[in-house]
Amino acid sequence: MRRILLVDDSHTVRMYGRSILTSLPEVQIEEAQNGIEALEKTIAQKFDLLLVDVNMPKMDGYTLLRELRSRPALWSIPAIMVTTEDKEEDLRRAYAAGASFHLSKPFDPEFLRRSVALLLGEGA
Amino acid sequence: MRDTAWLREVPEKNRRELYTELVEGGTPAWQLCYTPAADAVARGQDPLRLVRDLPGMRWFALDARSGVPDSPDSGPSVCRLIVNVIVVASDPTMSEALASEGDRAVVTHLAPYDLCFPTGEPQPQDWPAEVEVRDLLKRKQGLALWRVLAAKSKETAESSWQASVLRWMCCVLESVRPDQELLEALFASFSTAYFQAPVAAPAATDRSTLSPKEPSQTSELRGHAALLVQAQLALLGPVGPVGADALWPGRLHAAATALERVFRAVGAAELAAKISEAVAAALEAGAATPLRTLAEEALRSWQGVPDLATSKFAISASEHPAAAVPAPARNEDVERQALRMLKVEPGRIDSLLGLVGELAVAKNSLPFLARRAELDFGSRQLAREIKERYAVINRITEELQSAVMHVRMMPLAHVFRRFPRLVRDLSAKLGKLIRLEIVGEDTEADKGIVEELFDPLVHLFRNSIDHGVEMPDEREAAGKAREGLIRLSAQHADDRVIIEMRDDGHGIDVERVRQKAIEKGLASADDLRQRSDDDIIQLIFAPGFSTVENVSELSGRGVGMDVVRTMVTRAGGTITVTSKPQEGTTTRITLPVTMAVSRVMIVEAGGTEVGLPFVNVRETVHVQPGDLKHVGQGRAIVLRGRLIPVWPLAELLALPQTETVAGEGTSVLVLRVDGHDLGLAVDGFQETVDVITKPLAGVLGHLELFIGTAMLGDGRVLLVLDPKEIVRCL
Amino acid sequence: MSLTRGSDEALIAGDGDLDDARALDAWLREDPSRVVNLEGCGHLHSAVVQVLLVLGPRLRGRPADPFVNQWLLPALRRHCGGL
C-alpha cells in the first residue's frame with residue numbers, strides 16, 4: 001500500500017487530484033491544507049510521495065519542501081511541486097528547495113498519473 | 001502483427017464478457033492465429049487436434065484460404081484451414097505442439113483495450129440527456145450514470161452504433177475498476193460515430209502479462225521517465241562541490257530515491273542496483289557527481305545523448321542558488337503574481353449565472369405589481385413610481401447578466417486543439433494527404449457553446465476528409481496539389497461567432513444530390529428543375545438524406561448533415577453550405593457568443609399556461625365566430641387577404657378544450673415558422689417575458705414538442721413549445 | 001469415421017480421416033442439397049471439417065463431443081451463413 005499526500009489549500013484541487021490518482025493500484029490518498037499540516041502528517045506517518053502546491057497559507061510549498069529536505073527521516077520522500085506558471089526562476093526555486101519534479105496546473109490527468117506511478121516505482 | 005480486422009468478427013457480447021474477465025485481473029488473454037501447412041493433412045496430421053483442447057478458450061473461428069484449385073481429388077488433401085482462437089492463460093506458450101509449429105502459430109497478447117470498440121450503424125439520434133450524462137461522467141457518479149445509460153439503451157435500436165456504445169459504457173462501469181478515460185472515449189464516440197481508444201492502457205493487471213525477459217516499453221513511457229531523470233539532475237544541482245548548502249544531503253537522498261524508483265519502473269534493474277553505491281560515493285566526495293553520472297548514463301542509453309542545454313531542467317552551476325539558501329518564505333511576490341489571473345471553479349460561475357438569471361426573471365414581477373397598484377388599490381402614483389424603479393432595475397440586471405455571461409467565455413482553441421490529431425488519423429486511414437490550417441482559435445465564446453461545437457465539427461471533418469478531399473492521384477490529375485487543405489477559421493461578427501470550414505476538394509456533386517432527392521422522394525423532378533444549384537445543395541440537410549453509397553472505411557456511412565444542423569440549432573446557431581465543383585466545399589456555422597435570454601409569450605389553453613418563443617409570434621388576433629371558417633377538415637381565418645390555417649392549441653396538447661361561449665369570438669395566436677404562417681386558437685393571451693429556457697432533461701427529455709422549461713417571476717415553471725415541432729405534427 | 005450415406009443425408013460418427021473427407025466431398029458435390037447429420041459424433045478430423053467449411057452443406061444433429069458442440073459447430077455455422 002503506497003501512501004500519497006496531497007497538499008493544497010483548495011478543496012477542489014485536492015478532490016480533483018484524488019479522483020485522478022485513485023485509479024492507481026494499491027494507493028491510499030490523504031490530504032493536507034497547508035505546509036504545517038502536511039509537515040505534521042509526514043512526521044507522524046510514513047508517506048511514499050507528496051504532491052505540493054506552491055501557494056498556501058501558513059507555510060507555502062517552498063518552505064515545506066525545505067523542511068522536508070532538512071530532516072533525515074523525511075528527506076528521501078519524492079515530492080512533486082505543483083506550479084501555476086512555468087517560469088524559469090520559479091522552477092529554479094522549486095528544485096533548489098528540493099522538488100523531485102514539477103507539474104503545472106491545470107493538470108493533464110494522464111501526465112499526472114504517469115508521473116506519480118513512475119515515482120512510486122511502477123511502469124504504469 | 002495482430003490482425004485487428006479479425007477481432008471485429010468476434011461478437012460484441014463475447015468481447016464484453018472477455019473484457020470484464022480481463023479487467024477483473026489475474027490471467028491475461030492471448031490471440032492465436034494458426035495456419036497449418038498445406039501438406040499437413042496429406043502427411044497424416046490432424047491440425048485441429050492441436051487446438052481443440054486448449055484450456056481457457058474464449059473464442060474459436062474458422063476460415064479457409066482460397067486460391068487453391070478445387071478439384072474433387074486434391075481438394076480435401078490440401079489443408080486450407082485458418083484457425084483463430086482467443087485463450088485466457090497465464091502463459092502464451094499454450095502447448096509444445098503449437099510452439100513447434102513456429103511461424104504458423106502466431107500468438108499475440110490481447111489487452112482489454114483491444115476488445116473494446118463499438119460496432120453498428122450510426123442512427124440519427126437525439127439525446128437531450130446527453131448533457132446530464134456528460135456531467136455525471138465528469139463527476140464520476142458511476143451508479144447514476146449507469147442507470148441513465150441502461151435506460152437509454154433500452155430505447156435504442158439494438159444493432160445501432162449508439163446502442164453498442166451504451167452497452168460498452170455499462171460494461172466498463174460494471175467492471176472492477178471502471179476506466180474513466182475509456183468511458184470518456186466511448187461517450188465521445190456516441191454522436192460522432194468515431195471511436196478513438198485512449199492512448200495508454202492503465203491497468204496494473206496488464207503488466208502481469210509481460211514476460212520479464214521482454215519488458216514491453218512504449219517509447220512514451222521511456223520519454224516520461226527521461227523527464228523525471230532530468231528533473232533529478234536539476235534537483236542534484238551544480239556539477240561541482242556544493243559548498244555550504246544545508247539542503248544538499250536531503251536533495252541527494254531525494255534524487256536517489258526518485259531515480260531508484262523510476263529505474264525500477266522501466267525495468268532498468270541494473271541501474272537501480274548501482275544507486276546506493278553512487279550515493280555513498282557522493283556523500284564521501286561531497287559532490288553529487290557519482291549519482292549524476294548514473295542518471296546521465298540512463299538518459300544516454302534511452303534516447304541518445306540528451307541535449308540538456310535545451311531542457312527546461314537545465315540549471316547551470318553558476319546560476320544554481322544552492323549557495324544562497326533563500327530566506328524563509330515571503331508570500332507577497334508569489335501572491336502579487338497570482339492575483340493577475342483568478343482561477344475559478346466552473347460550478348461557481350454556473351451558480352452565479354443561475355442567480356443572475358433568476359434575478360432577470362424576478363424583476364418581471366414588478367410590472368404586475370404596478371398594474372395591481374393601479375387596478376386593485378387605485379393608486380396611479382404608486383404604479384408610476386414602481387414602473388420607474390423597474391426601468392432602473394431592468395437596465396442594471398441586463399448589464400449584470402451580460403457581465404456574468406462574459407466570465408464564461410473561453411477561447412475556441414479549447415475545442416480546436418483536438419482536431420489536428422483527428423485529421424491526421426482519418427486521412428491516414430484513407431490514404432489521403434491533408435493539411436489542416438486553423439485560424440482564429442483565440443476567438444472566444446461562451447463555455448457552453450464551445451463545448452457543443454465538438455460533435456458537429458467532427459461530423460464536418462469526416463465528411464470533408466471522407467467525401468470532399470480526393471485521393472492524391474486524383475488531385476494531381478485534376479491539376480491540384482497532391483496535398484489537400486482544410487481550413488478551420490473562427491472570428492467574431494457583432495454578437496455572433498462565425499466558424500468556417502473550407503476544403504479544396506471536389507465539392508458537392510449537385511447532380512447526385514438531385515438524383516438522391518428524387519430517389520428519396522424529397523422533391524419531384526419538376527420541382528428540382530426550377531431550383532438553382534445552391535438551393536439543391538441545401539437538400540443535404542433534409543432528414544435521412546445521405547449521398548454516400550459506398551461503404552466508407554471510416555464509418556460505413558456518411559453521417560447526415562441533418563444531424564449536424566440539429567446540433568447547431570440546439571446551440572442556437574445556423575449553418576450554411578456552399579460548394580463549387582472541383583474547387584471545394586465551405587461550411588459556415590454562426591453561433592451566439594453568449595447564451596441568451598429569450599423572450600417568450602405566455603398563452604392559456606386547455607386550462608394551463610404555455611409559452612411560445614416570441615420570435616415566432618407574428619400577431620395576436622381576436623376573431624368573431626363568423627370569421628373562423630371551415631376549410632376541409634380544419635379551420636382557417638383570413639388575415640389581410642391570406643388564408644391562415646388555425647388549430648386549437650388545447651387539442652394539440654391533448655388538453656381538455658374549454659367550452660366556447662356562443663357569440664364570443666376566438667383568440668388566435670398567429671405564428672410564423674420557417675416562412676409559413678399558422679394560427680393557434682387559444683383561450684387567452686398573457687404577458688411576454690424574458691426568460692432563460694433550459695432544455696428538458698431526464699424523464700421528459702424525449703418530448704420533442706417542447707424547447708424546454710422556463711421559470712417565471714412568481715416561481716411557476718412554464719413549458720415552452722417548439723413551433724417547428726408543432727408544424728411537424730400537423 | 002463411419003460415413004453412413006443415405007440418399008440425402010449422411011451420418012458421421014468417429015473422427016474420420018482423409019479418405020473419409022474425400023468420400024464426403026464427392027458425395028456432397030453430387031448433390032449440394034444433401035444434409036450432414038452430426039448427431040452424437042465425436043471429434044472431427046481437420047480434413048472433414050475443411051470439406052464442411054468449403055462446401056457449406058446444411059448441418060443437423062447435436063454432436064457428442066463438447067469441443068465440436070460448443071465451438072466447432074457454431075464456427076462452421078457462422079462461416080457458412082448460419083446454415
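Across which strands of chain B does helix α21 lie? In this predicted model, helix α21 of chain B, which spans residues 419–430, lies across β6 and β8 of chain B, and its direction is at about 165° to β6(B). These strands belong to an open sheet of five strands with mixed pairing, ordered β6-β8-β9-β11-β10 in chain B. The edges of this sheet are formed by β6 (434–439) and β10 (574–580) of chain B, each of which pairs on one side only, and the twist from one strand to the next averages 15°. Helix α22 of chain B (residues 447–468) lies across β6, β8, β9 and β11 (584–592) of chain B and runs at about 15° to β9(B). Within the sheet, strands β8 (residues 484–493) and β9 (residues 496–503) of chain B are joined in the antiparallel sense over eight bridges, and Q491(B) has I498(B) in β9(B) as its bridge partner.

Chain C contains three helices and four strands, which follow one another along the sequence in the pattern β-β-α-β-α-β-α. Of its 83 residues, 49% count as buried, while its accessible surface comes to about 3,500 Å², with 48% belonging to carbon and sulfur atoms.

The largest nonpolar core holds 86 residues, among which F60(B), L62(B) and L44(C) touch the most other members; helix α8 of chain B (residues 161–174) gives the most to this core, contributing nine residues. Beyond its neighbours within four places in sequence, L62(B) is in contact with residues of both chains, including L48(B), L81(B), I82(B) and V83(B) as well as V49(C), L53(C), L72(C) and H79(C). A second, separate core of 79 residues includes L21(A), L51(A), V52(A) and Y95(A).

Methods
Residues are numbered from 1 along each chain as its sequence is written. Chains are lettered from A and ligands numbered from 1 in the order in which they are written. This is a predicted model: local features need pLDDT of at least 70, side-chain atom pairs count only at pLDDT 80 or more; totals for chains, interfaces and linings use all residues. Side-chain values use heavy atoms; hydrogens and water are left out. Helices (H or I, at least four residues) and strands (E, at least two) are DSSP runs, numbered from the N terminus. Buried means under 20% relative accessible area, exposed over 50%, partly exposed in between (1.4 Å probe, protein chains only). Accessible areas come from the Shrake-Rupley method with a 1.4 Å probe; for residues, only the protein chains shown count as cover. A nonpolar core is a set of buried Ala, Val, Leu, Ile, Met, Phe, Trp, Tyr and Cys residues joined through side-chain atoms within 4.5 Å. Contact means heavy atoms within 4.5 Å. Two strands pair if DSSP finds at least two bridges between them. Axes are lines fitted to C-alpha atoms, for helices over the stretch in contact, and angles run from 0 to 180 degrees between N-to-C directions.
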